[in-house]
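Please read them with the structure open.

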Amino acid sequence: MVFRSYMDIALDEARAAAERGEVPVGAVIVSPEGAVVAQAGNRTRELSDPTGHAEVLAIRAACKAAGSERLPGHDLYVTLEPCPMCASLISQARIARVYYGAADPKSGGVAQGPRVFAHPQSHHVPEVYDGISAPEAEALLKDFFAERR
């Protein structure tokens, strides 16, 4: 089987989030068959909801489409390392693989900070691949925050 990245779709979602004034993070959920089942960008401000992270919105939509609270075999592509809240949700949803772009030394929860998947309380540990399209994801974030300073 040949690896196909869906990070380009996540980056498009991140760009759209930035255009809405949201922190530019995008996420995509891919089925075991390789179909995009959900995609989202951050909407915390638009929804007045601190849980409106791209990963949360995409996982909610994918679960609804699947008619299940779990997504075994599914992949998550996200432009930024998931925060602790999102990492916990990824575990609860039983996502099989997580591919992320930029590392998040300040708020990350996978390779940084609490390292949620390393805890014995983590019900499920997905395979994690970092650095996918990292330069593009990092540039989106740097540009977004530079415009606001």
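1. Is serine 48 buried or exposed? Serine 48 is exposed, because its relative accessible area is 66%, and the cut-off for that class is over 50%. Keep in mind throughout that this is a predicted model. The residue sits in the loop between H2 and H3. Its phi is positive, about 50°, although serine 48 is not a glycine. Most residues other than glycine have a negative phi.

2. Serine 133 is not a glycine either, and has a positive phi of about 55°. Its place is the loop between strand S5 (127-129) and helix H5 (134-148). With a relative accessibility of 24%, serine 133 counts as partly exposed.

3. Next, the overall fold. The protein contains five helices and five strands. Their order along the sequence is α-β-β-α-α-β-α-β-β-α. Of the contacts between residues at least 6 apart in sequence, 58% join residues at least 24 apart.

4. On overall dimensions, the radius of gyration is 14 Å. A compact globule of 149 residues would have a value near 15 Å, so the protein agrees with that expectation. Along the principal axes, the C-alpha atoms fill a box of roughly 40 × 35 × 30 Å. Buried residues account for 45% of the 149 residues.

5. Asparagine 42 deserves a look in the viewer. It is found in the loop between strand S2 (36-41) and helix H2 (44-47). Asparagine 42 is buried, because its relative accessible area is 8%, and the cut-off for buried is under 20%. Its side chain reaches the backbone nitrogen of alanine 54 at 2.8 Å. Not counting residues up to four places away in sequence, asparagine 42 touches Ala17, Arg20, Glu22, Val23, Val25, Gly52, His53 and Ala54.

6. Arginine 45 lies in helix H2 and is exposed, with a relative accessible area of 60%. Leaving aside neighbours within four places in sequence, its contacts are Gly21 and Glu22. The side chain of arginine 45 reaches the backbone oxygen of glycine 21 at 3.4 Å. Glu22 is also among the residues that asparagine 42 touches. As for aspartate 143, it is 98 residues from arginine 45 in sequence, and their C-alpha atoms are 19 Å apart in space.

7. Where is glutamate 55, and is this residue buried or exposed? Glutamate 55 belongs to helix H3 (residues 54-66). It counts as buried, because its relative accessibility is 3%, and under 20% is the limit for that class. Beyond neighbours within four places in sequence, glutamate 55 is in contact with Val25, Ala27, Leu76, Val78, Leu80, Pro82, Cys83 and Cys86. Between glutamate 55 and serine 68, 13 residues apart along the chain, the C-alpha atoms are separated by 17 Å.

Key:
Residues numbered from 1 in each chain as written. Predicted model: local features only at pLDDT ≥ 70, side-chain atom pairs only at ≥ 80, totals over all residues. Heavy atoms only, no water. Helix = DSSP H or I, 4+ residues; strand = E, 2+ residues; numbered from the N terminus. Buried < 20%, exposed > 50% of the residue type's maximum accessible area, 1.4 Å probe, protein only. Polar contact = N/O pair within 3.5 Å; in protein donor to acceptor, adjacent residues only side chain to side chain. Contact = heavy atoms within 4.5 Å. Rg over C-alpha atoms; globule rule 2.2 N^0.38 Å.
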